Amino acid sequence: MSLLIKNGRIITAADDYVADIFIEDDKITTIGKNLDVKATQTIYAKNKLVIPGGIDPHVHLDMPFMGTYSSDNYETGTRAALFGGTTMVIDFILQTQGKSLHDALKEWQGRSNGNALGDYSFHMAVTDFNDNTKAEIKDLVEKEGITSFKTFMAYKGALMIDDRQMVGLMNEVKKQGGMVTVHATNGDVIDFLVAKHKAEGKLSPLYHYLSQPEITESEATGRFADMAYHTGVPAYVVHMTCEGALNQIRDADKRNQKVFVETCIQYLVLDASLYDKGFESAKWVMSPPLREKKDQETLWAGLNQGTVQVVATDHCPFMWEQKKMGEHDFSKIPNGHPAIENRMELLFSEGVKKGRISLNKFVEVSSTNAAKIFGMYPKKGTIAVGSDADIVILDPNEKHTLSAKTHHMHCDYSGYEGWELTGKCKTIILRGKVAVDNNKLFVEKGYGQFVKRNKVSSII
Ligand code: URP
Ligand code: ZN
Ligand code: ZN
């Protein structure tokens, strides 16, 4: 099988030029002007942007959480991702406290094997660090290609580890060549505020937001960065939302420490005024919560300054019936919102089209940096000879409207209902095969492959 993409405007994190791309089987084999080759299939991409397939390194598919499961599974979630130009995701395995990391790995393999349409990998969330789990890290890095280890500084009693466990894990992960990532919010302070609000009868979704003030995130981010500095482990903060937290990382940078930062599309484009809608606000109950306009500006600036390297989604959808579990108590609303399908087009429309980020930055933060940070570059994350042919052909001028009626995510509402965007992912190619073209799907469940990742470092 061969595929020729003719005359597209190729954008990588570094380049911007017009050329043809020749793909044989699953790899890009030639790039050049007016290529004289015979291909099984030709796509004409004049006036279109040709970019690397999006990589979303923060999704939760079919995840047991807060007494229910996130509503997109591997099939529906990776299918929706493809429609939105994301060809690969990294999901989170959650260790059950008291059980092994390998038990959890088996469970997630059971959910994902044969079900994904798009490519995927796993982070391992260590929720119970002890001598047994310590002994498992090496095998996960060396044999399974799982090189990033997620920690939670919140969700006490379910996912949170304490600082003693954190430092122990960091030492072992550094030794084995991995990275520690973190949900950085102060779980004890949040639990105190949740209990206080409930005791005062303040039970609406607004109090989810008011129970997680900026300080809970900035304090934990600084503490995490300090522990990473002390141990020397490569470190990454997931779903950063606010100025206070980013300033902690700017301080870490001053001592020549590198802590990678991910934000999510919702924190760039939505704000806390959405918590003023009564129970409808449950659609945006997520942790950390949406913040203020000033925080959005800080995050856009962070992307341009290079202190924020990745835009993910933290895709963790729940149907409206599931959200209603917290109708009378905000602390029972399952946390998370649907975005896996919308990330690339929202970032393009709100970022590139509105002049906030360049085209090269768009590619860097939606694909290339995630591939570099998580040990899969240049197989993934760029358009180059020898790389996997994961490519999105994007029409930069097509206008469209986001809606739950037309999206492919298994979620009966959209956090962006009625938003008008400019720029549409038209053709999505995964490992040399057209997966989506003009809103039609051409791959089946099982096409998606697990990607083993390499060891990582703090330098990308
Ligand atoms: O609200 C969120 N973020 N739900 C998913 C779990 C997490 O904390 O990432
Ligand atoms: Zn989190
Ligand atoms: Zn998450």
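**Exercise 1. The surroundings of His 337**

Leaving aside its neighbours within four places in sequence, which residues is His 337 in contact with? Find where His 337 lies, and decide whether His 337 is buried or exposed.

*Solution.* The structure is a predicted model, in which local features need pLDDT of at least 70 and side-chain atom pairs count only at pLDDT 80 or more, while totals for chains, interfaces and linings use all residues. Residues are numbered from 1 along each chain as its sequence is written, chains are lettered from A and ligands numbered from 1 in the order in which they are written, and side-chain values use heavy atoms, with hydrogens and water left out.

Start with the position: His 337 belongs to the loop between helix H11 (320–323) and helix H12 (343–352), where helices (H or I, at least four residues) and strands (E, at least two) are DSSP runs numbered from the N terminus. Next, take the contacts, meaning heavy atoms within 4.5 Å: beyond those sequence neighbours, His 337 touches Gln 266, Lys 283, Trp 284, Met 286, Asp 314, His 315, Cys 316, Pro 317 and Tyr 416. With one of these, Tyr 416, the side chain of His 337 makes a polar contact of 2.9 Å; such a contact is a pair of N or O atoms within 3.5 Å, and within protein one must be able to donate a hydrogen and the other to accept it, residues adjacent in sequence counting only if both atoms are side-chain atoms. Finally, the relative accessible area of His 337 is 1%, so His 337 is buried (buried means under 20% relative accessible area, exposed over 50%, partly exposed in between, with a 1.4 Å probe and protein chains only).

**Exercise 2. Strand E17 and its partners**

Describe how strand E17 (residues 420–430) is enclosed, and how E17 pairs with E16 and with E18.

*Solution.* Begin with burial: 10 of the 11 residues of E17 are buried, and the strand is therefore largely enclosed by the rest of the structure. On the pairing with strand E16 (residues 391–401), the two strands run antiparallel and are joined by 8 bridges, and Ile 393 has Thr 427 in E17 as its bridge partner; two strands pair if DSSP finds at least two bridges between them. With strand E18 (residues 433–437), E17 pairs in the antiparallel sense over 4 bridges, and here Ile 429 stands opposite Val 434 in E18.
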